[in-house]
Amino acid sequence: MAATRIAYFITHAEVEIDPAIPVPQWPLSARGRARHEAFNRHGFVTRISTVYTSDERKARDGGDILAGHLGLPVQVIPALHENDRAATGFLPPPEFEATADAFFANPELSIRGWERAIDAQNRIAAAVDAILAADRGHGDIAIVAHGGVGALLLCHLLSVPIDRRYDQAAGGGNYFSFEAATRRLLQGWTRIEP
């Protein structure tokens, strides 16, 4: 009998915020990098045989840290990007939080020009399904992406309505795991540090 393969959905940790550059180009901060390096100390990390990331810089940085530790290539999947917020760009934290609340509370509406939550959920679920269907690795799977779409994916896996209470804790740098074959959730949001 084949071993159960586990998929880990990992969100990037803290970033270098620079309102002068587009959000998708923000790199991990020193603290964010240190947190991703700490993730590598989990015993289960050695069972990961493939690493996928969003094409946003912060997710690629996190994926590079994991893949470099394991001696694996990183496979960039553009559809793993965060919900499209280009219409507003950078928002100061209180304004961002209020807009994110509205995004989750009104999944069928575009809030301030953002991608609709329902569309982002369909996109991330389809991207993860495509990864899992095509992956030919022998071990577990790591997907390094973003908190917003991670929350939407978690709602999808749990078959519950989109709701921000399924979002990760503030600050990012969390993961959840599920069986790759059945999509059964194994562990909810957990900080990346052991």
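Author: Let us begin with a term: two residues are in contact when heavy atoms of theirs lie within 4.5 Å. Please keep in mind that this is a predicted model. With that cut-off, Thr-88 touches Arg-112 and Trp-114, leaving aside residues up to four places away in sequence. Thr-88 itself sits in the loop between β3 (74-76) and α3.

Reader: What makes the link between the side chains of Thr-88 and Trp-114 a polar contact?

Author: The side chains of Thr-88 and Trp-114 are joined at 2.8 Å.

Reader: Why is His-36 called buried?

Author: The cut-off for buried is under 20% relative accessible area. His-36 has 4% relative accessibility, and therefore counts as buried. His-36 belongs to helix α1, and its side chain reaches the backbone nitrogen of Ala-13 at 3.0 Å. Not counting residues up to four places away in sequence, His-36 touches a list of residues that includes Ile-10, His-12, Leu-28, Gly-62 and Ile-192.

Reader: And why does Ala-86 count as exposed?

Author: Exposed means over 50%. Ala-86 stands at 63% relative accessibility, so the word applies. Ala-86 lies in the loop between β3 and α3.

Reader: Which residues line the largest cavity, and what makes it a cavity?

Author: A cavity is a set of points where a 1.4 Å probe fits but cannot get out. The structure has one of 30 Å³ or more, and the largest holds about 40 Å³ of space. Its lining consists of Ile-10, His-36, Phe-39, Gly-62, Ile-65, Leu-66 and Val-144. Two or more of these residues come from each of α1 (30-39) and α2 (57-70), and α2 gives the largest share, three residues. By class, the lining has five nonpolar, two polar and no charged residues.

Reader: How does the largest pocket divide by residue class?

Author: The pocket, by contrast, is an open set of points. About 1000 Å³ of space lies in the largest one. Of its 39 lining residues, His-12, Trp-26, Glu-82, Arg-85 and Phe-96 are the closest to its centre. The lining divides into 20 nonpolar, 10 polar and nine charged residues. The largest share, six residues, comes from α3.

Reader: What makes a group of residues a nonpolar core?

Author: Its members are buried residues of the nonpolar kinds, joined through side-chain atoms within 4.5 Å. The largest core here has 34 residues, and Phe-9, Leu-80, Val-128, Ile-141, Ile-143 and Leu-153 touch the most other members. Elements supplying at least two residues each include β1 (6-11), α3 (93-105), α4 (117-134) and β4 (140-145). The most come from α4, with nine residues. Apart from this core lies another, of 16 residues, among them Ile-10, Leu-66, Val-144 and Tyr-175.

Reader: Which residues does Val-128 touch?

Author: Val-128 touches Leu-80, Ile-143, Leu-153 and Phe-178, again not counting residues up to four places away in sequence. In soluble globular proteins, nonpolar side chains tend to be buried together.

Technical notes
Residues are numbered from 1 along each chain as its sequence is written. This is a predicted model: local features need pLDDT of at least 70, side-chain atom pairs count only at pLDDT 80 or more; totals for chains, interfaces and linings use all residues. Side-chain values use heavy atoms; hydrogens and water are left out. Buried means under 20% relative accessible area, exposed over 50%, partly exposed in between (1.4 Å probe, protein chains only). Helices (H or I, at least four residues) and strands (E, at least two) are DSSP runs, numbered from the N terminus. On a 1 Å grid over the protein atoms alone, a cavity is a set of points where a 1.4 Å probe fits but cannot get out, and a pocket is an open set with protein on both sides within 12 Å along at least five of seven lines; lining residues have an atom within 4 Å of a point. Grid points are joined across faces, edges and corners, and a volume is the space filled by probe spheres set on the points. Ala, Val, Leu, Ile, Met, Phe, Trp, Tyr, Cys and Pro count as nonpolar, Asp, Glu, Lys and Arg as charged, and the others, Gly among them, as polar. A polar contact is a pair of N or O atoms within 3.5 Å; within protein, one must be able to donate a hydrogen and the other to accept it, and residues adjacent in sequence count only if both atoms are side-chain atoms.
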